[in-house]
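Hi,

Here is the structure I promised to pass on. Have a look, and then read on for what turned up.

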Amino acid sequence: ELTGKIDGLAAAVPHFRRVTELQPAAPDGWANLGIALAQARGHAEALACFDRALALDPANAPALTGRALALQETHRLAEAVAGYAQVLAQNPRHHEARSARLLALHYLDGVNRETLFAEHRAFGAAVVSGSAPARKFSNPPEAGRRLRVAFLSPDFRSHSVAHFIAPLLAQLDRAQFEIFLYHDHATLDATSERLRAHAATWRHFAGQPDAVVEAAIRADAPDVLIELAGHTGFNRLPLLARRLAPVQATYLGYPDTTGLAAMDYRLTDALADPAGEADCFATERLLRFAPCAWAYQPPAEAPETAPPPSLANGHVTFGCFNNFSKVSDDTVRGWAGVLAAVPNSRLLLKNHGLDHPAQAGVLAKRFAALGLKPLQIELLGRTPGTAAHLALYARVDVALDTFPYHGTTTTCEALWQGRPVVTLAGDRHASRVGASLLTAAGHPEWIARDWADYARIAAGLAGDAAQRSGLARGLRGALRDSALLDHAGQAARLGAALRSSWKIWCAQAPAALCA
């Protein structure tokens, strides 16, 4: 039974503290305390613990990896990428560090698609070199039968991925699909309970070794296995390289290829991944199953929309509540151009850690060097709960997206709270998500071609109080009628894509994969 929230490693902080008191010369104790503190968002102390561990043992792998992750969590991306590279130089088969490095590379300016693709292919080659040969499958190759579809994710909890997969799970046709959910994270919460209700079979894999997970999945014998993490934390990609189901696909959690030859499909759309140009940067077949690849589930606790704040305070406030790691130097320079184009405007930024005095001081210097005046900027940290978080859009007139890594949940939330979002379309999935979402929402005019166009669109919205007031009143209703909230339609399109992928496998049904 799911009986409440389990906090995982964060709950172990006092125990690891005691270990370091009893064994202060043991590097693993300091590394483990740092890892637990990082999960509890005590990143400054975590970094000090990792430094202590590395002073005792400069080659300590958990400390090196944990330190790089803590640097990433505190938005020191270039240092994080260098830290992961240090881990891999010591151990090229440290797949967790390689995955984390791949994710971090997406946040940096100036990393081209060719480099990203080569790095992902290197991951695929590294995991395959240690994998056993593919096993035979006994799944009957019958194109029209009811399919066993499994979803594997560390995010069947209060997490962005859950908000997008939940409406699809609720609407998938149970006459055609038997649903298996594999949750791979220590946290179990109310969202986990709601998702579990959609599954014929639920398994909790957190902390289990790959061999145990593999045995359980093979015993379930899914026809299609969809993983929802990609190269984000707690993924099982090295295990999936061993092929656990006849058809394997990746979806939702990561904006790029997995690099795995055993991953057959990546579910996407033609705006996020344009046909032709995107296909050569994926090891999977890109399955463009819908006009928009997302189905958004607005939080039940979302407050009502509010009028634009500029109507009362006399100045326009731009806002961005994205993961701050996405706020690249190019993004800051672009925002500086927006504020310069709109006299007396302000910028409100919100994310974990931004309210910490030490971090605020570092950011003020960074912003000033890139053209933003610190007096125009307000930094906010986390809020207690979704309702309070969304209520802060009452202080925002126009939301600004990041680049080269767009927001997804944050864009949907801003739209749901009646705020226009300005995005800059790039050359890859990570920088085209906003284009897909805004097109689905009926506002492609908010998609910029370059930073000058971005500033022009933002300034135009800032100068049109009547339009912004109308959006505050009507954008939520328009979203209800859009593809983003067409849950039944999106689930039907997903189901058709799954059926199509299964039919292809049945038609090929290679003897090497059938018992």
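Is Asp264 buried, partly exposed or exposed? Asp264 is partly exposed, at a relative accessible area of 22%, in what is, bear in mind, a predicted model. Its salt-bridge partner is Arg243, with the closest N and O atoms 2.8 Å apart. That pair links distant parts of the chain, since Arg243 sits in the loop between α11 and β5 and Asp264 in the loop between β5 and β6 (265-268), 21 residues apart. Arg243 itself counts as buried, with 11% relative accessibility.

The salt-bridge count comes to 26. Another one joins Asp184 to Arg236, where the closest N and O atoms are 2.6 Å apart. Asp184 is in the loop between β2 (177-183) and α9 (190-196) and Arg236 in the loop between β4 and α11 (237-240), so the pair ties together parts 52 residues apart in sequence. Asp184 is buried at 5% relative accessible area, and Arg236 is buried at 11%. Asp210 joins Asp184 and Arg236 in a salt-bridge network.

Then there's Glu227, in strand β4 (residues 224-227). Glu227 is buried yet has no salt bridge: the nearest side chain of opposite charge, Arg266, is 8.9 Å away. The Glu227 side chain does reach the backbone nitrogen of Gly230, at 2.9 Å. Among the residues Glu227 touches are Leu152, Thr250, Tyr251 and Met263.

Of its 29 lining residues, the closest to the centre are Thr74, His75, Arg76, Gln359 and Leu363. Helix α14 gives the most to that lining, with five residues.

Cheers

Technical notes. Residues numbered from 1 in each chain as written. Predicted model: local features only at pLDDT ≥ 70, side-chain atom pairs only at ≥ 80, totals over all residues. Heavy atoms only, no water. Helix = DSSP H or I, 4+ residues; strand = E, 2+ residues; numbered from the N terminus. Buried < 20%, exposed > 50% of the residue type's maximum accessible area, 1.4 Å probe, protein only. Lys, Arg positive; Asp, Glu negative; His and termini not counted. Salt bridge = Lys/Arg side-chain N within 4 Å of Asp/Glu carboxyl O. Polar contact = N/O pair within 3.5 Å; in protein donor to acceptor, adjacent residues only side chain to side chain. Contact = heavy atoms within 4.5 Å. 1 Å grid on protein atoms, 1.4 Å probe; cavity = no way out; pocket = protein on both sides within 12 Å on 5 of 7 lines; lining within 4 Å. Lists of a residue's contacts leave out its neighbours within four places in sequence.
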